[in-house]
Amino acid sequence: MQQDSAQNGTPIVFFGTQTFACHILQGLLQSPFFHVSLVITQPDKPVGRKKVLTPSPVKTLAQSFEIPTETPNSLKNYQIPPGSPALAVVAQYGKIIPESILNSFSMGVINVHTSLLPKYRGASPIQSAIVNGDTQTGVTIMLMDVGMDTGPILSYETLRILPDDTYPEVDQKLANIGSELLLQTLPKVLDGTITPQKQNDSEATACKMLSREDGKIHWDTMKANHIYNLYRGLTPWPGVWTTLDGLRLKLHKITPSEKGIPAGVLLFEDGKIYVGAMEGSIEILDLQLEGKPSMNAQTFINGFQKYNHAHLI
RNA sequence: CGCGGGAUAGAGCAAUUGGCAGCUCGUCGGGCCCAUAACCCGAAGGUUCCCGGUUCGAGUCCGGGUCCCGCAA
């Protein structure tokens, strides 16, 4: 679309996959000082029951701007095309970038990471911060090295996590901050006015890739506020869930409650649904039973009165 | 043909061995009340997803099809 006006900017190769990466890419595309000449993203993946091949959000965005895209299955034996830019930007790419690729960029590979490094190195920094009940996180821009988010820091900016923020909200805020911070940081990298700061490895923490199992609620060992944090961090995926009558029960929307109820017991009262936790309790606002559509609390109660006082496992 | 659950009133769910299709909520009307989304009384609302088969009789049993959902990927 407007790529003509951007043709003159510093050329960049962009690595990214998810929506956060889209925002970062968008920022670069709108800047007259940079020109994204190649986008490398993950291959199209089968999605849903019908296994429809779906391109990553970044690929879709790049194509709409008619930017060439590459989707290598593995970067291990991948070679950056000759004549590519000397600078690369990485955001939520989702795969390890091997040393051989890093070395292909003489001006360096810049990573936008969604935590205050060295905290939360790894795959799920935003979710982990929320799940742990942190009240602050941020974006760090760093120079990549061979380790997992271990490179020297170029710049960072903090963000307060509000008590009711969920993952998509924090992700969105960090995307805005990160995009702006990147555009401020890159020129300083290019003219050498930033001195990269080595990370303090002794303060480092790691976070793993999330799985569906991480969203399982253990009513008798989890406190209500922990469950609420888990819900906020794992929304919308993998989400929090439990089992009722041998069926998977997804909790789409919950909030902490003061009700005194035994752990794991379901209670219908005044059109509302409550469940007891190890300490405190949870009110369920929207939920979905396996094989059934998603519904709100009142609707669920209308049809499933038999589950009043049932026990969740 | 990866595994499994489902489709019944506007919504969510029942319906025994095949035998008058019900419940909760909502909607509409009336009543009560200073008032109410609260409470009481009443009413409307159905091609039981589609096509075919078995039967005196099918929401229910058999065959085929469409759609939704939970896993898995």
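Modeller: A polar contact here is a pair of N or O atoms within 3.5 Å; within protein, one must be able to donate a hydrogen and the other to accept it, and residues adjacent in sequence count only if both atoms are side-chain atoms. This is a predicted model, in which local features need pLDDT of at least 70, side-chain atom pairs count only at pLDDT 80 or more, and totals for chains, interfaces and linings use all residues, while side-chain values use heavy atoms, without hydrogens and water. Residues are numbered from 1 along each chain as its sequence is written, and chains are lettered from A and ligands numbered from 1 in the order in which they are written.

Around RNA strand B there are 18 residues, and those that come nearest are R49, R212, K292, N302 and G303 (a residue is near if one of its heavy atoms lies within 4 Å of the strand). Of the atoms of RNA strand B that come within 4 Å of the protein, 67% belong to sugar and phosphate.

The side chain of R212 places an N or O atom 3.0 Å from a phosphate oxygen of RNA strand B. T299 takes part through its backbone, with a polar atom 3.2 Å from a sugar or linking oxygen.

The elements that each supply at least two residues of this surface are β13 (247–257) and α8 (297–303), helices (H or I, at least four residues) and strands (E, at least two) being DSSP runs numbered from the N terminus. The largest share comes from α8, with 3 residues. By class, the surface has 8 charged, 7 polar and 3 nonpolar residues; Asp, Glu, Lys and Arg count as charged, Ala, Val, Leu, Ile, Met, Phe, Trp, Tyr, Cys and Pro as nonpolar, and the others, Gly among them, as polar.

Confidence in chain A is lowest in helix α1 (residues 3–6), with a mean of 44, and highest in strand β9 (residues 136–143), at 97. For the complex, the predictor gives an ipTM of 0.86 and a pTM of 0.88.

Methods: pLDDT is the predictor's confidence in each residue, from 0 to 100.
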